[in-house]
Amino acid sequence: MGVRFLLLFIVGLCRAQYDPNTRPGRTSIVHLFEWRWADIALECERYLAPNGFGGVQISPPNENLVIGDPSRPWWERYQPVSYKLCTRSGNETEFRDMVTRCNNVGVYVYADAVINHMCGGNAGAGNHSTCGSFFNAKTKEFPAVPYSAWDFNDAKCKSRSGDIEDYRDLSQVRNCRLVNLLDLALEKNYVRSRITEYMNYLIDIGVAGFRIDAAKHMWPGDVKAVLEELKDLNRKWFPAGAKPFIYQEVIDLGGEPITDSQYFGNGRVTEFKYGAKLGTVMRKWNGEKMAYLKNWGEGWGFVPSDTALVFVDNHDNQRGHGAGGASILTFWDARLYKMAVGFMLAHPYGFTRVMSSYRWPRYFQNGVDINNWVGPPSNSDGSTKSVPINPDTTCGNDWVCEHRWRQIRNMVIFRNVVDGQPFSNWWDNGSNQVAFGRGNRGFIAFNNDDWYMNVNLQTGLPAGTYCDVISGQKEGNTSTPNDS
């Protein structure tokens, strides 16, 4: 009997890492990509909490390599130099203030944890970092951690260049450098201890969980060993015994030896097939139709719903990086994007994350946007611009703020209202007009055909008059006029 109890206890601990820890009735998070900590704190208080968002994913909070000055790419945030908390988003004092203020209004913070690697191996002692820490990637010296040459995987990598050259070679993907980034030896207790010390420091401050960057490039057992050393969440905001929410970046579109399922034991995984397939359907490519979405989710070969974190686009693939290719829908395709995000938020599959972006000057050569490196809206000195709010509640300074689009905000609220209700009353016209309900709490219809939709449907809702919160806005007992 005692053995059975112990087994259930261990399983319970593992499953706890799938729980986003959001407050009851809050079912989605938003990625405020490259926002400053001060602006995130304000957004939690003035917008995210009042509109039912459960949490916010932030950009990596640790010190990174400064690349270019003042034109700095977004991806410099993924080139760690130390685990000190100072970046162009703000310093540690501002970070602590943000976490406290967001937690106080029930919007929890999920940090992007870059633990697979340090910065690129070509960065010598003359390069700069966001905190000013000395480092020399060429000699693998990072005294601010500290790491030395003993703490990296170069000796284990069997490719000629030292980089990943063949994604069919499992050991290359996990032991070699990802685009020349110095690959940490996570099998070493010392390296694990430095990483868990950093992550536990964030937990003590009050973060609710982590996106594990580049999880595919780490052995699942090594990731597990790190996660097992994490503390329970801060009891100032979370119940006793609450574990950090874990979702791992594992790009699995099929055809490679590394699969999503290898990481299920550590927490949720990012289901990249979701946005790629949904974009293909919405664009009507390859003969796909919305009518085929009736068995959306596991029926399309996705991971089980309770292991999936889902999204239409993310900071990588909206720029052509990552996975999904040209099918990925972004804010540049506003109408189809609103439809895709609306479908995601209405459908019960997975735990949902909304993207919030910034604009950059796109410039295509041979079908490739060569400006996909451009960093966040910046001042002349390279510092990140604030996020001003216009009178119509949109954002200025080239911040897109998709999460503030009425259609997306109201569907976040819709998802909260229908949480736990069954997928029901599906209807389609055999083409690209579909509709479905969520029990007796909500109903949604889509028309992605080129002709008018005029049909009587069984909604499953109680008799009454309802507001179309995508086309308009409920105000008291009336609904505002429809617009796009």
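Residue numbers start from 1 along each chain as its sequence is written. In this predicted model local features need pLDDT of at least 70 and side-chain atom pairs pLDDT 80 or more, while totals for chains, interfaces and linings use all residues, and side-chain values use heavy atoms, without hydrogens and water.

**Stop one: the largest pocket.** Select C467, D468, V469, I470 and S471, which lie nearest the centre of the largest pocket among its 41 lining residues. A pocket here is an open set of points on a 1 Å grid over the protein atoms alone, where a 1.4 Å probe fits, with protein on both sides within 12 Å along at least five of seven lines; lining residues have an atom within 4 Å of a point. The volume of this pocket, the space filled by probe spheres set on the points, is about 1400 Å³. Now colour α9 (406-418), one of the elements that give two or more residues to this lining; α9 gives the most, with seven residues.

**Stop two: the second largest pocket.** This one holds about 820 Å³. Pick L178, V179, L181, D316 and H321, the closest to its centre of 32 lining residues.

**Stop three: the largest cavity.** Show N116, R174, D183 and W219, which are among its lining residues. A cavity is a set of points where the 1.4 Å probe fits but cannot get out, and the largest has a volume of about 50 Å³.

**Last stop: Y363.** Find Y363 in the loop between β12 (351-356) and β13 (364-365).

How values were computed
Helix = DSSP H or I, 4+ residues; strand = E, 2+ residues; numbered from the N terminus.
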